[in-house]
Amino acid sequence: MIQTRSLLRKGGNLSSIARRSLSSEAEIEVDLGNVFTTHNFDVPETKIKTTKSELMRFLREMTTMRRMEITNDTEYKARNIRGFCHLYDGQEAIASGTQAALKPEDAWITSYRCHCAALLRGSTVEMVFAELFGFSQGTAKGKGGSMHFYSKKHNFFGGQGIVGAQVPVGAGLAFAAKYNTPEGEKMPVAIAGYGDGAANQGQIWEAANMSKLWDLPTIFCIENNHYGMGTSTKRHSCNDHYYTMGGRTIPGIKINGMNVFAVKQGMAAAREHCSSGKGPIFVEFDTYRYHGHSMSDPGTTYRTRDEVGGVRQARDPIDYVKKLLTDNNLATAEEIKALEKEVRSEVEKALIAAKAGKFLPVEALTDDIYATNDGKNEVVPFIRMPEYNRSIVNKA
């Protein structure tokens, strides 16, 4: 249940509250309730303050993500997007809340379900669509596709196609953050995101061990949507309390991943812990994906439509923000509908613009493989293709 208290002057009548609802700085206090469970870690504050402007920003962000992913579903079924494609609808609060808790210098690497994290880390909706179409104006110039978004400029390192493979890289990013920070100063942190299906990978245990040995600022983020592909956590993990996986040495926190403020508050606490030199932490997000594991998975063979519908009805992250806005007279239903209409239009325009894109020229296939010492592209003399007679020979 949402408990809120409007921070309005005593004696305010209905008309004054209505006027106040037009202010972007109208403030409310929200009691998040039981959204955290911790392991050797202090429970973050659950009474928070927010404003209409923050709520509307979260609503716009998450609505844009939802509309973008639904559009990706349509384009995939129309065969305009090929290959693997893993959608994020249902899990939007994790991306929005995490980004709100981070600083620009913090590094973020995650799994192949990465469209929305990329959107918050330097991409536009048009760039996301273009990347999925394989066009040159995409985030990775059309070379990465759904699983390999990347923006070094914005400290976003993917998008990884191999289950769990990004986690040791995340530990490496944390090592770099510590190495480059003067002793005694607070460090940037590195988020290594992965799903419950990857949680028992050996490379994750090794990365956690190394992170603790060197007290690296690594945040191990498990997005537990309760199904590793089509296998429930109860069937694939002997310990499905992933936030406790650090045992005696690494603390952990479980966060309601469907509540954007819980995510923001919990991740801020985790960031402070790591940045202060106290070592890594395990963060488990309790969340749910509405689509199947990927576009090849209907998502109904191992769970029922009633289960999916029940989560939508009771825990949808976007509906939660809408309710906070309307219940506290910060926005009307008409304002929210207008925002949704605007987002829909923006996404449709981005799709049209993306479809006007083009593939990179064939000769660009050999770019971005090797770099010179000053960071420029180094020509690759020979690239072996599956058919030898189609191999590429470049002359310097």
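Modeller: A definition comes first: an axis is a line fitted to C-alpha atoms, for helices over the stretch in contact, and the angle runs from 0 to 180 degrees between N-to-C directions. Please also note that this is a predicted model.

Colleague: At what angle do the axes of H5 and H12 cross?

Modeller: Helix H5, residues 125-133, and helix H12, residues 333-355, cross at roughly 45 degrees, and their axes come within 8 Å. The two helices are therefore oblique to each other.

Colleague: Is the crossing left-handed or right-handed?

Modeller: H5 passes H12 in a right-handed crossing.

Colleague: Which residues in H5 meet H12?

Modeller: On the H5 side they are Val125, Glu126, Phe129, Ala130 and Phe133. Their counterparts in H12 are Val347, Ala350, Leu351, Ala353, Ala354 and Lys355.

Colleague: How many aromatic pairs does the structure hold?

Modeller: There are 10 aromatic pairs. One of them joins Phe382 and Tyr388, a tilted pair with 6.1 Å centre to centre and 45 degrees between the planes.

Colleague: Are Phe382 and Tyr388 buried or exposed?

Modeller: Phe382 is partly exposed, at 38% relative accessible area, while Tyr388 is exposed, at 54%.

Colleague: On to charges: which ring does the charged end of Arg57 sit over?

Modeller: The charged end of Arg57 sits over the ring of Phe58, 4.8 Å from its centre. Arg312 lies over the face of Tyr290, at 4.0 Å from the ring centre.

Key: Residues numbered from 1 in each chain as written. Predicted model: local features only at pLDDT ≥ 70, side-chain atom pairs only at ≥ 80, totals over all residues. Heavy atoms only, no water. Phe/Tyr/Trp six-rings, centres within 6.5 Å; stacked < 30°, edge-to-face > 60°. Buried < 20%, exposed > 50% of the residue type's maximum accessible area, 1.4 Å probe, protein only. Lys NZ or Arg CZ within 6 Å of the ring centre and 35° of its normal. Helix = DSSP H or I, 4+ residues; strand = E, 2+ residues; numbered from the N terminus. Parallel < 35°, antiparallel > 145°, perpendicular 65-115°, else oblique. Left-handed = near helix turned anticlockwise from the far one by under 90°. Contact = heavy atoms within 4.5 Å.
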